[in-house]
Amino acid sequence: MQKLIIKGNKELSGKISISGSKNATLPILAASILANQVKIKNIPMVQDIFTMIDLLNFIGLKTKIIKKKNTLEIKKPEKKVNTLAPYKLVKTMRAGVLVLGSLLTKYGKAKVSLPGGCAIGTRPVDLHLFALKKLGAKIKIKNGYIFAEAKKGLKGANISFPSISVGATENALLAAFRAAGKTVLKNCAIEPEVKDLIKFLKKLGAKISLKGRTISIQECKISNSKITHEVIFDRIEAGTYMIASALLARKELIINKVNPKNLKSEIDVLKKIGIQIIKKKTSIIIKKGKKFKKINIITKPYPGFPTDLQAQLMVLLTQVNGTSKIKEDIFENRFMHVPELKRMGAEIQIKDKTAIIKGPTKLNGAEVMATDLRASVSLVLAGLVAETRTIINRIYHLDRGYELLEKKLKSCKADIRRV
Ligand code: EPZ
């Protein structure tokens, strides 16, 4: 099994270009089931994307990856269509459940595996099913699968989500996109990734408008023409490297290919901690940090501070003066990185949903184990700060979502290698 070996405590300098967003690409790939022919650019070449492509191939779509150009071409199935998302593909990547909405819209039926548990929480799909039922789908759960049917098509409805979910909003959009009449979705997730899906669906002919957390969708016809779409940048990858820069920049680090408007909460939090940040049109410059100040944070749906950056921020908070707190308000079990960070010398206590982080503490290298994507990258950040060598095991988690991680860090003079 592959490992990462990091020799820490080295200053970083240079530029990092941010890849396309994994979490924007996944629903757009699910939406491609609805199209005749699409070309998607700026796709990150990471494992979760390959798993979703495998799922599209399994369903019967024709895909062609052009790795060097980070582009994927997709054509509609020529003959046989499988309206099935099997367990083996959905269990490794929960976003597979997003094909449910598209398959129902296009073929009037779908059989999709329930994703099951996950390292960061139970992550049910009840909100997805709640919306699909309101749109008129008949849903049964049997043998670990969701059986959904809408033989006469879906019908527009007024749906108010009891709580905010990114995936449920996306699945509802995919299902409501052609539903008869009008659909109004209230209390939606409005992450930039959801907005990118809306942009893609509009190219497909969708009539969608967004106001606050309300999305209105008018019945429409699907366009048959070829669609080209460029995926937005990965704001979580950008946030991860912004934190690495804050911790280790020699003078400054430049993060390229971003839109600072989508990083407002991240920039605000880093500025409160005392990090100097210069915003340009498509880049961000992070200056070498001096004295860091403690902070209390609660993770929230966008535009709040993202749960996907909680573990990385925690590493930064081990280096600030004073005791900081992070309340994880999205997932119930997203502190799996804490025992590993403690093994590296961090002083962190968990009380219910809150991590209490004492700083500054010296981090020492250790052999540690990655548990999920963001927990893993927090260990990379800790390894970059630590005084001695860190070995990170189970790095397949990192490969699910960080494109060219070692290459990008090495180009900034980090001592990191894969064995
Ligand atoms: C998306 O997951 C992201 N994944 C996650 O990225 C991210 O952490 C999460 O949104 C929150 O921002 C993708 O976009 C592919 P949710 P999703 O539905 O859609 C509960 C990463 O590291 N919930 O917004 O699955 C759920 O348990 C990751 O890239 C229900 O109760 O997240 C959670 O507590 C991992 N019932 C909360 O809502 C449901 O039916 C928010 O989850 C659905 C969700």
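Select P360 to begin: P360 sits in the loop between β21 (354–359) and β22 (367–369), where strands are DSSP runs of E of at least two residues and helices are runs of H or I of at least four, numbered from the N terminus. The bond that joins G359 and P360 is a cis peptide bond, with omega about -5°. This is a predicted model, in which local features need pLDDT of at least 70, side-chain atom pairs count only at pLDDT 80 or more, and totals for chains, interfaces and linings use all residues. Residues are numbered from 1 along each chain as its sequence is written, and side-chain values use heavy atoms, with hydrogens and water left out.

Next, select Y302 and P303, whose peptide bond is cis with omega near 10°; P303 belongs to the loop between β18 (296–298) and α10 (310–317). Most peptide bonds are trans, and most residues other than glycine have a negative phi.

Then go to N70, which has a positive phi of about 50° although it is not a glycine, and which is found in the loop between β4 (62–66) and β5 (71–75). R394, also not a glycine, has a positive phi of about 55° and lies in the loop between β23 (389–393) and α13 (396–399).

Finally, select helix α8 (residues 235–248), which gives the largest share of the lining of the second largest pocket, three residues. By class, that lining has nine nonpolar (Ala, Val, Leu, Ile, Met, Phe, Trp, Tyr, Cys and Pro), six charged (Asp, Glu, Lys and Arg) and five polar residues (the others, Gly among them).
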